[in-house]
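Trainee: Please take me through the place where two of these chains touch. Then carry on into the chains themselves, and keep it brisk.

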Amino acid sequence: MDKILEVKDLHVNFATYNGTVQAIRGVNFDLAAGETLAIVGESGSGKSITVRSILQLLAKNADINKGTILYHGEDLLKKSKKEMDAIRGNKISMIFQDPMTSLDPTMTIGKQVAEPLLIHNKVSKKEALGRAEEVLRLVGIPNPKERMNDYPHQFSGGQRQRIVIAIAIVDYPEILIADEPTTALDVTVQAQIIDLLKELQQKIGTAIIFITHDLGVVAGIADRVAVMYAGKFVEYGSVDEVFYNPQHPYTWGLLDSMPTLDTSEDDHLNSIPGTPPNLLNPPKGDAFAPRNEYAMQIDLEKQPPFFKVSKTHYAATWLLHPDAPKVTPPKGIQKRFEKFKKLGDK
Amino acid sequence: MEIPQIPKDKFKLLNNAGNKEQEKIGTPALTYMQDVRRRLFKNKVAVVCLTLLTIIVFISVFAPIIAPYNPNAQHATLSNLPPKLGNLNIPGFNGYQNMGGKMVDAYAQVHAPKGTYYLLGTDYLGRDLLSRIIYGTRLSLIVAVLATLVDLLIGIPYGIVSGWKGGMTDNVMQRIVEIVSSVPNLIVVILMMIILKPGLISIVLAIAITDWVTMARLIRAQTFQLKEQEYVLAARTLGESSTKIATKHLIPNLSSTIIIQTMFTIPNAIFFEAFLSFIGIGIPAPNASLGTLLSDGQKAFRFLPYQMWAPAIILSIIMIATNLLGDGLRDAFDPQSSD
Amino acid sequence: MAKYILKRILYLFLTLFIIATITFFLMKMLPGTPFSNQNRLSPDQLAIVKAQYGLDQPIFIQYIRYIGGLFQGNLGTSFQFNNEPVTQLIGQRLAPSMQIGAQAMILGTILGILLGAVAAIRKNSWVDTLATFVSILGISIPSFVLAVLLQFYLAYKWHIYPVALWDNFQSSVLPTIALAALPLGNVARFMRTEMVDVLSSDYIELAKSKGNSEWQVVIKHALRNSLIPIVTIIGPMAVSTMTGSMVVENIFSIPGIGEQFVKSITTNDYPTIMGLTIFYSFLLILVFLVVDILYVLIDPRIRLGNGGND
């Protein structure tokens with residue numbers, strides 16, 4: 001497959017009053033045209049910062065101090081401000097978390113949707129508004145022609161998120177970054193938005209980077225999943241591999257805290273004890289070690305490298321080292337392993 | 001990928017399960033007031049303003065001891081003398097004055113007794129300006145503090161009652177507030193000043209009668225919110241009396257609003273006093289306030305600019321310092337308000 | 001909307017009526033009239049003069065007459081100033097006051113918006129510090145202190161502007177600056193806070209993600225959204241400008257209503273005080289009304305009722 005985006009060894013620091021927070025500590029991933037990559041992790045794990053680094057939409061105190069972000073082989077971090085402006089909203093665009101606050105309250109939605117077209121293409125205002133109307137229809141806004149002149153507050157939350165999506169796709173981007181696009185919405189609306197994204201992806205063939213803390217959402221949309229913890233990826237692979245053959249204890253914890261259709265009444269959901277580490281002074285070893293039931297001495301001393309599980313599946317845990325003891329994962333995970341075997345047999 | 005070589009004994013499970021250490025919270029907790037104080041004292045501008053105001057208040061309180069002369073004692077022969085700082089020969093503070101293009105020792109001209117010197121000079125009646133400024137500042141501050149106190153005494157109970165009772169009571173009380181606030185402040189103050197006899201009490205009343213409205217409004221809005229808080233509901237359910245709820249639960253939670261608003265009421269009162277005295281309906285002669293001193297200074301400033309400078313500077317410093325301190329307090333109480 | 005405006009106008013007149021009534025009775029409570037200290041009139045002469053002003057009638061009749069006059073746009077007759085009707089006095093003196101008042105408010109608002117916006121965009125830079133410093137000076141230094149200082153340096157010492165004179169635009173410069181400082185400080189502060197808020201909002205981030213440059217974001221999205229709330233401080237700004245104009249006109253000897261008001265206070269000219277009080281109140285309540293309507297018109301969130309909950 002054709003890799004359109006490659007993020008290599010990304011490091012992002014934030015200067016705060018208390019010191020430097022090492023929010024992203026060496027992230028690597030790539031994205032192929034048309035595929036969907038989900039990045040999963042709890043709040044503060046750095047998933048949002050990772051994708052914002054791609055568009056360089058970080059707070060002023062952020063510093064991308066190491067790494068490269070190659071887009072078609074060109075390093076975005078070396079681009080000028082002007083060159084980046086030409087990429088944003090055109091080649092790579094973004095959907096934000098809260099539709100209630102991400103639209104300009106004093107501008108009609110027609111103008112807001114048409115804006116990227118006017119910035120990036122030499123089109124007349126009329127043409128741009130025409131396209132905006134088309135796209136609004138595409139994302140499922142009823143009577144788009146009449147509603148073009150309405151203001152954001154005249155739409156419901158779900159409709160607003162559709163408008164935000166319309167803004168993001170109006171210029172047919174190659175990559176669409178969706179930063180928790182369903183978190184602020186009702187559960188029923190969430191499903192609609194996910195379906196819409198899938199549908200749009202088929203129609204315009206964009207690749208999607210989907211950020212979420214909700215593993216349930218991931219299964220329905222992603223081709224590949226990356227699990228992030230304390231500024232690093234800890235495991236990545238295809239959806240089936242991460243869901244049914246997870247190797248990292250953190251992934252175990254995440255999956256075990258999520259209800260599934262198989263969860264019966266007497267099963268209880270487990271939580272991961274403790275809180276993520278303070279990234280002002282990141283731990284020397286594996287950041288997850290203090291919360292890890294299966295931690296070993298080496299976890300405290302040295303950060304684990306990625307161990308290959310399959311051609312597409314990697315996990316950064318010392319448990320995969322040939323010398324590591326065999327551990328028994330939680331019951332729920334064992335069930336998943338069984339399912340994975342069945343998947344393999346098919 | 002190559003697999004790193006690690007000594008085998010490192011791969012022993014630590015048995016982390018049930019480790020209570022994980023739930024520990026790292027930093028010690030500060031109380032709200034400690035936090036406020038810490039933030040306030042971290043703000044250098046606020047600390048400087050607080051220090052300046054403390055000095056000014058200190059001088060005002062001890063004016064009778066600190067002022068070198070009686071502020072109202074007149075010396076017809078020693079009128080309009082320029083500033084002189086002992087026998088030190090500092091330009092501007094050496095008792096010399098420009099007379100017809102020549103610098104003349106004004107003190108020698110009027111045959112001032114040896115050793116007589118006025119730090120900030122004298123006014124047209126030969127009164128010591130420094131003493132007048134000290135007493136004037138004192139008077140202005142008294143007006144401000146009294147007006148603010150009256151303001152608090154009316155505004156806080158009014159706001160609490162209005163917000164707490166709600167319904168019809170609140171409706172009537174709010175209509176009154178609306179009417180009072182729809183009349184321009186200054187006009188009410190001026191009308192009050194015309195009707196009442198000029199003097200300290202009148203000024204205080206005139207200022208307070210318009211100022212309490214803002215306080216009442218803020219307090220009402222806050223009380224409205226607080227009323228719905230669980231802990232207040234709990235206290236009500238437990239049958240605590242209204243007075244007790246007001247003093248135990250409301251006032252402490254309203255304190256930040258009160259303190260901040262007070263810091264903005266004080267400069268406002270100082271401004272109105274100076275304004276009224278400046279247009280001649282404030283503090284009556286012979287007493288000095290910053291407003292009357294400025295008014296006197298303005299009349300003579302072409303030839304004796306020093307008479308205007310000192311009150312102008314002191315007034316500006318007090319206004320700037322109170323405003324900045326108010327800002328600092330607001331930021332300290334509500335860190336989100338500053339970006 | 002029309003209903004709302006009508007209701008507000010009704011309120012305006014109600015408030016004015018209350019103010020007129022209170023002012024009237026307050027003035028009647030005052031001891032003495034301006035005649036008592038004027039060239040020792042004989043009792044007969046005094047009675048004639050009193051009758052001339054209708055002061056021999058019972059207070060209630062006087063009140064009815066006064067209010068009746070108000071409805072016909074008659075604010076009474078001045079005791080001083082050659083017995084001119086107060087309305088005529090206002091007519092003659094309104095122009096200079098309006099000129100410096102409007103100039104000051106416009107100048108202060110424009111400079112304040114620019115200063116506040118730049119401070120917000122370059123938050124925590126030296127521009128921001130400078131803007132904070134300027135606005136705190138504008139807010140803190142009373143207009144009459146500033147007026148006196150301007151008069152001393154720019155007029156008296158350096159002869160750039162006339163000391164106290166009223167003829168051309170030149171003579172309006174210093175009073176305008178003295179009065180503009182406060183609006184400038186207030187607007188700059190308000191604008192900075194608003195703009196910092198807006199710039200950190202999600203829709204600004206979305207605007208950036210569309211490919212807008214930094215300045216496009218400011219001009220297309222941030223400015224409009226921060227400017228709307230500025231409208232709300234126009235009312236208080238008018239009040240403070242009016243307050244300031246009373247002394248500033250006095251200091252620069254400008255023949256405006258502010259100067260007139262102060263003069264009538266010091267000469268116990270009750271009809272003028274009353275007339276001007278009512279006129280000032282009318283002017284300010286009108287400004288507040290216009291501002292409120294303006295706000296409804298320019299903010300789409302209010303314009304379309306209580307939307308947003310659908």
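Mentor: Start on the side of chain B: 15 of its residues are in contact (heavy atoms within 4.5 Å) with 28 residues of chain A. This is a predicted model, where local features need pLDDT of at least 70 and side-chain atom pairs count only at pLDDT 80 or more, while totals for chains, interfaces and linings use all residues. Residues are numbered from 1 along each chain as its sequence is written, chains are lettered from A and ligands numbered from 1 in the order in which they are written, and side-chain values use heavy atoms, with hydrogens and water left out.

Now the area. The size of an interface is often given as the accessible area lost when the parts come together. Between chain B and chain A, the buried area (accessible area lost on being put together, 1.4 Å probe, summed over both) is about 1,800 Å². Carbon and sulfur atoms give 67% of that area. On the side of chain B that touches chain A, eight residues are nonpolar, three polar and four charged. Here Ala, Val, Leu, Ile, Met, Phe, Trp, Tyr, Cys and Pro count as nonpolar, Asp, Glu, Lys and Arg as charged, and the others, Gly among them, as polar.

Chain B and chain A have zero of them between them. The rule wants a side-chain nitrogen of Lys or Arg within 4 Å of a carboxyl oxygen of Asp or Glu.

Step back to chain B as a whole. Its secondary structure comes to twelve helices and two strands. Both are DSSP runs, numbered from the N terminus: helices are H or I with at least four residues, strands are E with at least two. Chain B has 339 residues, and 47% of them count as buried. Buried means under 20% relative accessible area, exposed over 50%, partly exposed in between (1.4 Å probe, protein chains only). Take the contacts in chain B with a separation of 6 or more: 72% of them join residues 24 or more positions apart.

Cross over to chain A, and look at strand 9 (residues 224-229). Five of its six residues are buried, so strand 9 is largely enclosed by the rest of the structure. Strand 9 pairs with strand 3 (residues 36-40) of chain A in the parallel sense, over four bridges. Two strands pair if DSSP finds at least two bridges between them. In this pairing, A:Val40 stands opposite A:Val227. Strand 9 also runs antiparallel to strand 10 (residues 232-238) of chain A, and six bridges join them. There A:Arg224 stands opposite A:Ser238. Strands 9 and 10 of chain A form a hairpin with two residues between the strands, where A:Ala230 takes a positive phi near 50°.

Another positive phi in chain A belongs to A:Glu180, near 45°, and this residue is not glycine. A:Glu180 sits in the loop between strand 7 (175-179) and helix 7 (187-204) of chain A. Its relative accessibility is 8%, so A:Glu180 counts as buried.

Finish with the open sheet of chain A. Four strands form it in the order 2-1-4-5, with antiparallel pairing. Strand 2 (19-32) and strand 5 (74-75) are the edge strands, each pairing on one side only. Strand 1 (residues 3-16) pairs with strand 2 over eleven bridges. One bridge partner pair there is A:Lys3 and A:Ala32.

Terms used
Buried area is the accessible area (1.4 Å probe) that two parts lose on being put together, summed over both.
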